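User: I'd like to learn how to read a structure feature by feature. Could you take me through one?

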Amino acid sequence: MKLDFLDKSGNLLVALFHKIALFAIGMGTVWSAAHTFMQIFDPAHASITVLLMLFIYLEIGAMVSIYFKTNHMPVRFLIYIAITALTHRMVDIMTHAAIAI
């Protein structure tokens, strides 16, 4: 009986930690996306790297919300984020290489 209680309370604490951690990740994503969105208006034009970062934030937000609803982490969102991050990095490298020439 005592072991059953400890098992249930342990599972509850783990589930609670998941919810708190996902909420923190979601809030951090919203804050970062808002900060990045404001950078669009700073130089009066949107760069492709800023737009790609906003797309990454959108995918992270979608992944977190789907995990909240279904308790499953869709791998395809991780692939979308990875592809977008690689594209962001390549554009950033090419931009800096073009400026150096």
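Analyst: Happy to; we will go from the overall fold to single residues, and please keep in mind that this is a predicted model.

User: Let's begin with the fold. How many helices and strands does the protein chain have?

Analyst: There are 3 helices and 0 strands in the protein chain. Along the sequence, that reads as the pattern α-α-α.

User: What does the surface look like in numbers?

Analyst: The accessible surface of the protein chain is about 7,700 Å², and carbon and sulfur atoms hold 76% of that area. On the charge side, there are 6 positive and 5 negative side chains, with the centres of the two sets 9 Å apart.

User: Now the aromatic rings. How do I read a pair, and how many aromatic pairs does a search of the whole structure find?

Analyst: In general, two numbers describe a pair of aromatic rings: the distance of the centres and the angle of the planes. Here, the search of the whole structure finds 2 aromatic pairs. In one, the ring centres of Phe37 and Phe41 are 5.3 Å apart and the planes stand at 80°, so this pair is edge-to-face. The two residues are 4 apart in helix 1 (residues 2-41), which separates them by about one helical turn. Phe37 counts as partly exposed at 41% relative accessibility, while Phe41 is exposed, with a relative accessible area of 54%.

User: How are the rings of Phe77 and Tyr80 arranged?

Analyst: Their centres lie 5.9 Å apart and their planes are at 80°, so Phe77 and Tyr80 also form an edge-to-face pair. Both belong to helix 3 (residues 75-100), where they sit 3 residues apart, about one turn of the helix. Phe77 is buried at 10% relative accessibility, and Tyr80 is partly exposed at 36%.

User: Staying with helix 3, is His88 buried or exposed, and what is its relative accessible area?

Analyst: His88, which is found in helix 3, is buried because its relative accessible area of 19% falls under the 20% cut-off. Leaving out residues up to four places away in sequence, His88 touches Thr49, Leu52 and Met53.

User: Which residues is Pro74 in contact with, leaving aside neighbours within four places in sequence?

Analyst: Those contacts are with Met63 and Ile66. Pro74 is also in the loop between helix 2 and helix 3, and counts as buried at 14% relative accessibility. For a sense of distance, Pro74 and Met90 are 16 residues apart in sequence and 25 Å apart in space, C-alpha to C-alpha.

Technical notes
Residues are numbered from 1 along each chain as its sequence is written. This is a predicted model: local features need pLDDT of at least 70, side-chain atom pairs count only at pLDDT 80 or more; totals for chains, interfaces and linings use all residues. Side-chain values use heavy atoms; hydrogens and water are left out. Rings of Phe, Tyr and Trp (its six-membered ring) pair if their centres lie within 6.5 Å; planes under 30 degrees apart count as stacked, over 60 as edge-to-face and the rest as tilted. Buried means under 20% relative accessible area, exposed over 50%, partly exposed in between (1.4 Å probe, protein chains only). Contact means heavy atoms within 4.5 Å. Accessible areas come from the Shrake-Rupley method with a 1.4 Å probe; for residues, only the protein chains shown count as cover. Lys and Arg count as positive and Asp and Glu as negative; His and the chain ends are not counted. The place of a charge is taken as NZ of Lys, CZ of Arg, CG of Asp or CD of Glu.
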